[in-house]
Amino acid sequence: MRKIYLLMVAFALIMSACNSNKVKIRGEVQGLNGTVKLLAEMPGQEGMIVLVEQKVTDGNINLVTDQLQIPARVWIDIDGKNTLTTIVDTKDQLWVEGKIKFPDQIEVKGSYLDGEYDKLKKLFKEKYEGPIEPIDKNIQKLMAKEKRTANDEVMLGVFMLQRQRYIKARANYVRDLIKANPTQELSLILLQDELQDSTDLQKRLFKAIKVVNKESNLYKTTAEKMQ
């Protein structure tokens, strides 16, 4: 009987740990001697909220909070030298690494959603941002002229039109991607980041999103922005 009781206690402890909201973000930033902050947008609150703050003296980061319902988007401020953005979709697998003397190279790893979003951002760069770069250079050259000829004005209009076509194509691609993946939480991120210029479209698409977990920070904060 005692064995059965002990097994029940052990099972209860395991289930309690599994149901805990405790999220850990750990890591090592060589040479870091300063303050690290974990920030997030929280449902029902305005702006960024500092969830936890740690004074680091040996480079070892250990941020722990029970305020998040994952998945959640968070920002990690590395002593004011760099702010990392990631999507927390695991309770204890996120890892920050790098060197404080190269703050722009510090990375946070371990998020599946972040990895999938990175793949999309690479695609966006290849299909849309890359082709726009030379167009922007041509526009800048023409805009820098003190006196533009009639031909300059025509070419400026052409370049502006080309640029707008790429922007529209990107927005249409994202719109179709969200429509095709209404149950995917990544659609909530795309909705916010990629369609900021069209509030009406954002709201229409949000109504069609059918993610299962409607208690997450990611879903609730998105829902509040769509009101």
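Glu-97 stands opposite Glu-107 in strand S8. The two strands involved, S7 (residues 94–99) and S8, run antiparallel and are joined by three bridges. Strands are DSSP runs of E with at least two residues, helices are runs of H or I with at least four, and both are numbered from the N terminus. Two strands count as paired if DSSP finds at least two bridges between them.

The model is predicted; local features need pLDDT of at least 70, side-chain atom pairs count only at pLDDT 80 or more, and totals for chains, interfaces and linings use all residues. Residues are numbered from 1 along each chain as its sequence is written, and side-chain values use heavy atoms, with hydrogens and water left out.

The protein has six helices and eight strands. From the N terminus, the elements run α-β-β-β-β-β-β-β-β-α-α-α-α-α. The radius of gyration is 23 Å, whereas a compact globule of 227 residues would have a value near 17 Å. This radius is taken over C-alpha atoms, and the globule rule is 2.2 Å times the number of residues to the power 0.38. Along the principal axes, the C-alpha atoms fill a box of roughly 95 × 45 × 30 Å. The accessible surface comes to about 14,100 Å², and 52% of it belongs to carbon and sulfur atoms. Areas come from the Shrake-Rupley method with a 1.4 Å probe; for residues, only the protein chains shown count as cover. Buried residues make up 36% of the 227. Buried means under 20% relative accessible area, exposed over 50%, and partly exposed in between (1.4 Å probe, protein chains only).

S7 and S8 belong to an open sheet of four strands with the order S4-S1-S7-S8 and mixed pairing. Strand S4 (60–65) and strand S8 (107–109) stand at the edges with a single partner strand each, so one side of each lacks a neighbour in the sheet. Neighbouring strands of this sheet are turned by 20 degrees against each other on average, direction ignored. In S7 lies Lys-99. Lys-99 is partly exposed, at 38% relative accessibility. Lys-99 touches Val-29, Gln-30 and Ile-106, not counting residues up to four places away in sequence. Contact means heavy atoms within 4.5 Å.

Strand S5 (residues 72–78) and S6 run antiparallel, joined by seven bridges. Ala-72 has Val-88 as its bridge partner in S6. Three residues lie between the strands of this hairpin, where Asp-79 takes a positive phi near 55 degrees. Five of the seven residues of strand S6 (residues 82–88) are buried, so S6 is largely enclosed by the rest of the structure.

The largest nonpolar core has 27 residues, of which Ile-25, Ile-61, Ile-76, Ile-78 and Val-96 touch the most other members. Strand S1 (23–30), strand S2 (34–41), strand S3 (48–56), S4, S5, S6 and S7 each supply at least two residues of this core. A second, separate core of 23 residues includes Val-174, Ile-189, Leu-190 and Leu-191. A nonpolar core is a set of buried Ala, Val, Leu, Ile, Met, Phe, Trp, Tyr and Cys residues joined through side-chain atoms within 4.5 Å. Contacts of Val-96 beyond four places in sequence include Ile-25, Ile-61, Ile-76, Ile-78 and Leu-84.

Helix H4 (residues 186–194) contains Ser-187. Ser-187 is buried, with a relative accessible area of 3%. Leaving aside residues up to four places away in sequence, Ser-187 touches Ile-178, Asn-181 and Ile-209.

Definitions and conventions. Axes fitted to C-alpha atoms, helices over the stretch in contact; angles between N-to-C directions.
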